[in-house]
Amino acid sequence: MSGYFKDIITGLKSLAVGLQITNKEFLTKPITLLYPHESVKMYPRYRGHIELVKDPETGRNRCICCGMCEKGCPSGCITVKSEKRPGVKGKVLTAYILNFTTCSLCGQCVENCKPEAIKFSNEYNLASTRREDYIFDLLQKLHPEGVPEPEVDPELLKKEQEKEEAAKKAAAEKKAAAAKKEAAPKAPAKEGGESKAEEKS
Amino acid sequence: MSSLAQSQLRETFELNIGPQHPATHGVLRIKVVMDGEYIDRAEPILGYIHRMHEKMGENRTWNQFWPNMGRLDYLSAMAYNHCYAGLVERAMEIVVPERAEYIRVITAELNRIQSHLLGFGAYIMDLGGFTPLMYAMDEREQILDLLESVTGSRLTYCYFRFGGVYNDIDDDFITGTRAFIKRFRPQIPMYHKLVTGNAILMDRLIGVGPVSADMCRKYGATGPVLRGSGVNYDIRRNEPYSVYPELDFDIPVYKECDSMARYMVRMDEMVQSCRIIEQALNKLPEGPVMAEKVPKALKPPKGDFHYAVEAARGTFSMRAVSDGTNTAYRMRLRSPTYSNVSLFEEASRGMLLSDALAFLGSLDPVIPEMDR
């Protein structure tokens, strides 16, 4: 019977001690935020989805289209599309597609990027009910007003054109030589045509 | 009650707990054969969140396996990062700069406190007390903010790298951590006053869920479960890694073998983690945080490698068999919760259903880590 009363006393005691703490806490300021009206400050290192870096000098992205981000990505969520343009050194980025639904924010792409063309963004308000909304073209995101045309280097363009012509010439010569070789033993009557080709070149 | 099964001698029925049940902390299903209010046999059924992490480790390159380490045990992901980093560093014989090792210890211990805080709050909520969860969440938020400012993510960290860490810690983090420790220290006696001394909690935990040291050995249970059974076993001491040998800390051990002992081990571990963090911050050397010359395309030499760490829930160890290519031939993850929960069937026999749930909570399972 004494155990019974002892239990009641210890129980009431622990209740009183507990309530003392909760009452004290009741008077302190709440630590929560009213979300839509206030929002949490994001740290500069916060890892949102990746984004392309705008070079302050040229106003364009720094991507050299090497595809290292694509290769290093564990979930294969990056697609880099590029093409060769006349008069522009290297490749030109035409689309940088990030499928954010499968991204795990590991940072392998950012680490692999030699020219530091991508970084983590601070964006976190990304709620949507449609899956397509998470397939970003980062190039469009970087230039919402329209992707600027790459700068054409006239010297390089000239060089390239010369090179191209030289290549064309070489190809034509090769073709002509091959035709000659093939034609010579069979039909010597066709000589006129061949000489024409030679004149052309 | 899913079905009614009658035995010859007495009437029993089957009861499904989970897979969608808040008391199971995730998608754990327990098939229980009940004899009235008492458990006849409880069989945990796993595999509801099986994601083939081991197979992924064999298909992906070594670097690509990093994000998986944050998604095994999402509550103490840092320790898992540590294990993987240590494994490959051991295989490749990479020497990690000392500063990086200290940063690893600081972040991993902060992560351990965070995990135990949530474990504590959620456990009390399992038992019907809602307020302590809010208090624990308040402190936990501080840690998450600190870790977010360094790693960039709040839970699924992918912060460690082979040969170091992703980026250096700054002065804000150091002062913030010191301020947190100062603020957190007096909170633990408050938790003890509010929760541990509570008569209802004592009634529900003391003497409930006996797990003997022999049973732990039989099932390979580690962590607070084993230390709550009176066995002084902690990888940080028994198989020291990183800079733990240079730090002074105690391993809390309780001999009572009941749910209360496991609960107390976790509470005391938080105090010890605070001690570790303070010492590590004082000893933090200057220098680089990444080893020089870590190859981008990793190809560890042929061989069999193993590394173990003490995660918040017990011993986590990884074993990788490398065949000299850029992927592992075999990747084995030994997760602590899997072993800890496997003793549930034997230990819960004859228990009251409500006690069994209190016992399950004291094992502190994290299901994605168990299923891997």
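Helices (H or I, at least four residues) and strands (E, at least two) are DSSP runs, numbered from the N terminus. Keep in mind that this is a predicted model: local features need pLDDT of at least 70, side-chain atom pairs count only at pLDDT 80 or more, and totals for chains, interfaces and linings use all residues. Residues count from 1 along each chain as its sequence is written, while chains get letters from A and ligands get numbers from 1, in the order in which they are written.

Q: In which loop of chain B is Cys257(B) found?
A: Follow chain B through helix H11, residues 235-238. Helix H12 covers residues 259-283. The place of Cys257(B) is the loop between H11 and H12 of chain B.

Q: Is Cys257(B) buried or exposed?
A: A residue is buried if 20 or more other C-beta atoms (placed from the backbone) lie within 10 Å of its own, exposed if 12 or fewer, and partly exposed in between. Cys257(B) has 21 C-beta neighbours inside 10 Å, so this residue counts as buried.

Q: What radius of gyration does chain B have?
A: The radius of gyration is taken over C-alpha atoms, and the globule rule is 2.2 Å times the number of residues to the power 0.38. With 372 residues, a compact globule would come out near 21 Å, so chain B agrees with the rule at 21 Å.

Q: How many helices and strands does chain B have?
A: Overall, 48% of the 372 residues of chain B count as buried, and its C-alpha trace spans about 70 × 50 × 30 Å along its principal axes. The secondary structure of chain B comes to 16 helices and nine strands.

Q: Which residue of S8(B) is the bridge partner of Ala308(B)?
A: S7(B) and S8(B) are joined by a hairpin through two residues. Across this pair, the bridge partner of Ala308(B) is Ser317(B).

Q: Which residue in the turn between S3(B) and S4(B) has a positive phi?
A: S3 (residues 29-35) and S4 (residues 38-45) of chain B run antiparallel, joined by seven bridges. One bridge pairs Asp35(B) with Tyr38(B). Two residues lie between the strands in this hairpin, and the one with a positive phi of about 65 degrees is Gly36(B).

Q: How many residues of chain B are in contact with chain A?
A: Two residues are in contact if their C-beta atoms, placed from the backbone, lie within 7 Å. Chain A brings 21 residues to the meeting, and chain B brings 20.

Technical notes:
Two strands pair if DSSP finds at least two bridges between them.
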